[in-house]
Amino acid sequence: MARRPTGRPETRLAHSGRSSSSSGRSVNPVVERGSTMLASQASELYAPSMQPYGRHGTSTHAALREALGQLEGGASDVILAPSGLMACTLPLLAVAEPGAHFLVSDTVYGPTRRFCDRTLGKLGCTTEYFAPEIGAGIAGRLRKETRAVFIESPGSLTFEISDTPAIAAAARAAGVATVFDNTWAAGVWHHPLDLGVDVSVQATTKYVSGGSDVLGGAIFTRDSALAQRMRDTAMDLGVSVSPDDAYLTLRGLRTLPARMAQHQATGLALARWLASHPAVLRVLHPALEGDRSHELWKRDFSGASGLFGVVLKPAPAHAVHAVLDALELFGMGFSYGGFESLAIHCDPQIKRTATKLALGGPLVRISAGLEAPADLIADLEAALAGYPAG
Ligand SMILES: *Cc1c(COP(=O)(O)O)cnc(C)c1O
């Protein structure tokens with residue numbers, strides 16, 4: 001029985017994308033693997049309604065798209081990508097043309113920046129970076145060749161919140177599309193499309209899947225013309241997502257709101273404890289009272305994930321490495337949003353060209369997992385005991 005999902009977001013996430021199970025009896029949809037998709041009669045093969053080939057997706061992908069449509073405050077079009085990075089790059093590629101100009105936040109995820117500089121550059125496009133605090137000032141940077149403004153907020157590694165409604169309004173007034181990387185808030189705590197943004201994207205690799213075992217991306221929009229351009233670009237590139245990966249992503253999505261609540265609580269507990277530790281210069285967490293982005297976060301977000309930064313008091317890199325090596329419960333690896341906590345030294349990967357970054361000490365990024373907060377704090381306390389500035 002296919003039920004129409006109703007109710008609050010958590011309820012709709014649990015009940016949408018459920019109608020494709022083959023027998024109609026299992027809770028979850030089947031993993032429909034297929035390259036060849038058979039038509040039932042010859043005249044059907046070229047019909048517009050026919051999903052002609054596996055690359056365009058199967059019923060498993062349709063179930064995931066339907067359920068993702070409940071995130072982000074609701075999107076009329078959801079496009080799947082095989083990675084979060086491709087969810088970031090497809091919208092830009094869809095509007096790129098020789099001579100086009102792009103405005104991108106200086107705090108953008110590193111590989112998105114690399115795509116803009118290298119691949120968009122090769123297509124004859126130029127990318128200019130803007131300070132995350134630019135707000136309505138973006139109007140002065142828009143040109144007649146500008147095709148998109150790309151925002152990521154909070155910024156990668158440094159967690160500044162941008163005035164998204166002001167940026168989106170200025171871009172819209174000039175007829176320029178806005179794209180927003182919403183991975184940090186997972187589409188649960190922040191709805192860019194409700195703030196005037198045209199396209200929201202996420203690495204579902206992170207919080208949506210939640211298991212650190214599958215890569216994926218999703219693109220959300222309410223602009224059907226733009227959606228068609230992005231789908232055409234995906235089709236031309238041969239973008240496809242494995243049905244098994246779509247299934248795993250959908251399974252993670254069901255429990256996303258409950259996990260986000262715990263990631264938020266644990267992240268805040270760790271951030272507050274770290275903020276008062278003598279080895280810590282400051283904590284970069286927009287949901288912390290007194291953070292430089294706290295007011296904008298309160299205005300535009302309804303919650304926080306478990307990812308934040310810690311600036312330690314100045315000390316050589318080997319002292320920072322010693323703290324990270326002493327941690328027992330925090331893994332050292334890229335990505336975030338999984339059930340296990342992570343901690344990494346960020347200084348080597350920070351890239352800024354439009355702004356000067358002066359943090360005052362080494363930067364460590366914490367991804368608060370689902371372990372007991374008291375255990376994580378005890379682990380941090382033991383590891384920080386030997387830090388020279390402590
Ligand atoms: C991880 C991440 C991406 C890229 O996602 P992948 O699935 O690893 O390609 C993009 N943007 C942000 C903000 C991310 O954290």
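Which residues line the largest cavity? That's where I'd start with this one, and keep in mind that we're looking at a predicted model.

1. The lining of the largest cavity is made up of Leu-274, Val-310, Leu-312, Val-323, Leu-324, Leu-327, Ala-343, Val-364, Ile-366, Leu-380 and Leu-384. By type, that's 11 nonpolar residues, with no polar and no charged ones. The volume of this cavity comes out at about 90 Å³.

2. As for where that lining comes from, the elements giving two or more residues are β9 (307-312), α10 (317-326), β11 (363-367) and α11 (373-384).

3. Searching the whole structure turns up three cavities of 30 Å³ or more.

4. The top contributor is α7, with three residues.

5. Now for a helix pair: α3 (residues 84-95) packs against α4 (residues 110-122) at an angle of about 40 degrees, and their axes are 10 Å apart. The crossing is right-handed. On the α3 side, the contact uses Leu-85, Cys-88, Thr-89, Leu-92 and Leu-93; α4 brings Pro-111, Thr-112, Phe-115, Cys-116 and Leu-120. Sorted by type, the contact has eight nonpolar residues, two polar and no charged.

Notes. Residues are numbered from 1 along each chain as its sequence is written. This is a predicted model: local features need pLDDT of at least 70, side-chain atom pairs count only at pLDDT 80 or more; totals for chains, interfaces and linings use all residues. Side-chain values use heavy atoms; hydrogens and water are left out. Axes are lines fitted to C-alpha atoms, for helices over the stretch in contact, and angles run from 0 to 180 degrees between N-to-C directions. Helices (H or I, at least four residues) and strands (E, at least two) are DSSP runs, numbered from the N terminus. A crossing is left-handed if the near helix is turned anticlockwise from the far one by less than a right angle, and right-handed if clockwise. Contact means heavy atoms within 4.5 Å. Ala, Val, Leu, Ile, Met, Phe, Trp, Tyr, Cys and Pro count as nonpolar, Asp, Glu, Lys and Arg as charged, and the others, Gly among them, as polar. On a 1 Å grid over the protein atoms alone, a cavity is a set of points where a 1.4 Å probe fits but cannot get out, and a pocket is an open set with protein on both sides within 12 Å along at least five of seven lines; lining residues have an atom within 4 Å of a point. Grid points are joined across faces, edges and corners, and a volume is the space filled by probe spheres set on the points.
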